[in-house]
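Work through the exercises below with the sequence and structure at hand. Try each task before reading its solution.

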Amino acid sequence: MHEISVCQSILKTIETEMDNSDLSTVREIHLKVGILSNIDAELLKHVFTFVKLDSLFNDAELYVEVVDILAKCDSCENIFTVKNYKFVCPACDEPVINILEGKELLIHKIILEEPAHEEINQ
Amino acid sequence: MKKLTNKAVGTITVQDVSLSLLKANDYIAEMIRDEMNERNILLLNLVSSPGSGKTSLLEETIKRLKDQVNIAVLEGDLETERDADRIRKQGVQALQIVTHGTCHLEAQMIQQAMPNINFENIDILFIENVGNLVCPASYDLGEDIRVTLVSCTEGDDKPKKYPSMFLTTDIMVVTKEDLLPYVPFSVDAVIKDAMEVNAGIETFLVSSLKGNGMDEWCEWLLKKVKEKKESKVAASA
């Protein structure tokens with residue numbers, strides 16, 4: 001949908017949550033993107049390569065893990081992956097509303113690289 | 001001195017975090033929800049494709065209900081004041097949010113608009129979202145009820161094509177009912193598909209132009225206003 005603003009939100013979120021001095025040491029940003037978030041992983045990665053240029057994160061790479069829709073049936077407790085947006089339990093045919101995964105739009109891991117000792121002492 | 005590269009000798013630190021990218025929106029949405037609960041106002045978020053009849057449904061709803069409840073409307077559009085002008089002609093407060101290209105309303109836009117509305121005695125606040133069945137699905141605006149319109153001229157395939165919208169919707173309103181004889185649209189099929197995506201969805205069938213189904217829709221709205229007021233009384237008792 002609006003991958004550029006999501007990209008800007010990634011950078012803004014990290015800027016808010018981390019110490020300023022750490023920002024330029026970010027090397028990898030790992031996202032979890034649920035299918036229901038309407039975010040296209042490939043498009044997001046592509047946009048990121050441009051958005052990061054104007055930021056402190058120009059040495060960072062973006063990794064996106066696409067999360068399938070996982071639901072739990074309240075009738076028979078079956079946990080299953082939802083295919084074709086059919087929110088019906090394959091075991092007992094009951095409609096399900098309990099969605100465990102697939103809506104998320106999260107940064108779940110950030111990898112930093114601290115500069116070498118020698119560099120700091122220079 | 002030869003400069004060593006970070007890559008060769010740097011220390012790697014892994015931070016496991018869980019930062020939601022919609023956290024800022026959801027936080028503000030909760031503030032709006034709290035304020036609306038405090039003021040005892042039923043908040044509805046109307047979403048649909050462009051041209052499904054959101055503004056027409058609001059105009060007809062206001063005509064029928066303005067003597068019984070006090071209504072205010074927030075209009076979201078990329079450009080122009082046209083929708084707010086249409087609503088004001090019905091004699092109620094309407095405020096236009098012009099997004100200048102943004103494809104959806106965000107909670108922050110609602111929060112910014114709220115000080116410009118006189119909430120005294122207001123019972124229902126409608127938010128008419130930007131016409132779009134994709135992006136508005138992800139943005140909670142603090143509403144009590146999300147209403148998605150599908151006009152029968154759009155086709156009955158919308159719930160399966162835009163599942164995340166129907167998954168987050170409480171009410172589906174099938175509009176332009178008077179055109180059913182002229183278009184290949186199956187009400188049963190649209191309900192079946194919507195229920196497969198979201199079994200909790202309730203459906204209304206209306207024609208804003210001819211008035212069919214408007215009584216049921218308006219009665220339901222009045223019932224929801226009453227329920228909201230009673231829940232406040234129950235909570236404070």
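**Exercise 1: a helix and its faces**

Task: In this predicted model, find which residues of α2(B) are buried, and work out how they are arranged around the helix axis.

Solution: 
- Look down the axis. The buried residues of α2(B) fall within an arc of 110°, so they line one face of the helix.
- Turn to the other side of α2(B). Asp34(B) and Glu38(B) are exposed there.
- Ask what covers the buried residues. The cover includes β2 (42–47), α5 (107–113) and β5 (124–128) of chain B.

**Exercise 2: length and end**

Task: Compare the reach of helix α2 of chain B with the expected span, then say which residue follows the helix.

Solution: 
- Take the helix, residues 23–39. It has 17 residues.
- Go from its first C-alpha to its last. Helix α2 of chain B reaches 24 Å, close to the 24 Å expected at 1.5 Å a residue.
- Step past the end. Asn40(B) follows α2(B), and its phi is positive, near 70°.

**Exercise 3: the largest nonpolar core**

Task: Find which residues touch the most other members of the largest nonpolar core.

Solution: 
- The core holds 64 residues. Ile124(B), Phe126(B) and Ile127(B) touch the most other members.
- Check the elements. β2(B) gives the most to this core, with five residues.
- Follow Ile124(B) beyond its neighbours within four places in sequence. Its contacts include Leu42(B), Leu44(B), Val69(B) and Leu221(B).
- Look elsewhere. Another core, of 21 residues, lies apart from it, and includes Val6(A), Ile10(A), Leu105(A) and Leu22(B).

Notes:
Residues are numbered from 1 along each chain as its sequence is written. Chains are lettered from A and ligands numbered from 1 in the order in which they are written. This is a predicted model: local features need pLDDT of at least 70, side-chain atom pairs count only at pLDDT 80 or more; totals for chains, interfaces and linings use all residues. Helices (H or I, at least four residues) and strands (E, at least two) are DSSP runs, numbered from the N terminus. The expected span of a helix is 1.5 Å times one less than its number of residues. A residue is buried if 20 or more other C-beta atoms lie within 10 Å of its own, exposed if 12 or fewer, and partly exposed in between; C-beta atoms are placed from the backbone. The arc is that of the directions from the helix axis to the C-beta atoms. Two residues are in contact if their C-beta atoms, placed from the backbone, lie within 7 Å. A nonpolar core is a set of buried Ala, Val, Leu, Ile, Met, Phe, Trp, Tyr and Cys residues joined through C-beta atoms within 7 Å.
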